[in-house]
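Dear colleague,

I am passing on the structure we spoke about, and my notes on it follow directly below. Please read them with the model open beside you.

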Amino acid sequence: MKQFVTKNFLLIILILAVGFAFAMQVTIFQTPPATPPAVAAVLPAAFTTYWQTGKAEVNTYRLEQAEAGALHKGEARLIFAVEDFRTDTQVRSETEASRDKSIPVLRANLSRQFVVGMQDYALHTSVFTPINSLVFLNTLKVSTSAQDWSGHSYRQLNYRTNEYQVTGKSYVEPEADEAYTVPKALLEDELWSRIRIAPDKLPIGEIQLIPGTMTARLRHRKLEPLAAKVKLEPYEGVLYPGKLLKAYIIEYPTDDRSLRIIFEGVFPHRIVGWAETYPSKNNLLTSRAVLKKTIQSDYWNHNAPADTSLRAELLN
């Protein structure tokens, strides 16, 4: 026995270390507990009542988007829904067999469509943020696609231990094949969901922030954490609808860019608009979106031609 231990000492240590890691749930995929945490266990009952109705919240906005040195009119949509999300493969759970590998996330889909001269532009971002931030601190996945008449691009971030893996494809030569990592930091793209989940826990002050993937695509910027100054204050203007409005303000001193997200101070904290300022072809421009309408809908169950009347009602 003594000879066996001596001869296989390193192997025994390795086996013990791996066993300890699994026992402590220290893996590269943020493995969840055997029983995923219920939403009601970590948030007020009002959150569960509003978000676990089997419907998504669909918001439509009037948009003015900066591109090519000018502002262009368009439409934006911001859609939120709670769903089960696998932490191993980082995709939506759609089978009972994968439920024990899943956790509840708030999925945010932001889309913008606008016309630049003759061209159609379409951008879409999906963000998957765990609701129970006590167990899962970081957003697990972000993906962004962009289409115009010249071609299309795609970029995705996947959370691994202490970093995000970034992959991308594009018709633009410098962005043709992307594969790199960025250190773990708060994502600008997840702030929209953080506002909806717990606005009282939004970070304030000087922080490190990974800029939004949609704007990074329009500006052809590589992703990296940047210094940001962040504050939360009452909104005192008249442009946006709603009551008891608050403004979450992000400024990037080294990037000549700022973002203001305007939302309702009372639950369910609807996002009523935003304003984003940065240079475009040497012109300092501000893109703006103002809320038009909010509905709750199980839109995935309305796929018949007759359901276009529901779409018309939302967009008008």
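Tyr248 touches, leaving aside residues up to four places away in sequence, Leu191, Ile195, Leu202, Pro203, Ile204, Val230, Lys231, Leu232, Leu259, Arg260, Ile261 and Phe263, where contact means heavy atoms within 4.5 Å. This is a predicted model, in which local features need pLDDT of at least 70 and side-chain atom pairs count only at pLDDT 80 or more, while totals for chains, interfaces and linings use all residues. Residues are numbered from 1 along each chain as its sequence is written, and side-chain values use heavy atoms, with hydrogens and water left out.

Tyr248 is also among the residues with the most contacts inside the largest nonpolar core, which has 65 residues, and others in that group include Phe80 and Trp274. Such a core is a set of buried Ala, Val, Leu, Ile, Met, Phe, Trp, Tyr and Cys residues joined through side-chain atoms within 4.5 Å, buried meaning under 20% relative accessible area with a 1.4 Å probe and protein chains only. Strand E12 (residues 245-252) gives the largest share of this core, six residues; strands are DSSP runs of at least two residues, numbered from the N terminus. A second, separate core of six residues includes Val105, Phe128, Phe136 and Leu140.

Strand E3 (residues 102-116) is mostly covered, with 13 of its 15 residues buried. E3 pairs in the antiparallel sense with strand E2 (residues 70-86) over 13 bridges, and with strand E4 (residues 119-130) over 12 bridges, pairing requiring that DSSP finds at least two bridges between two strands.

With kind regards

Note on methods:
Buried < 20%, exposed > 50% of the residue type's maximum accessible area, 1.4 Å probe, protein only. Helix = DSSP H or I, 4+ residues; strand = E, 2+ residues; numbered from the N terminus.
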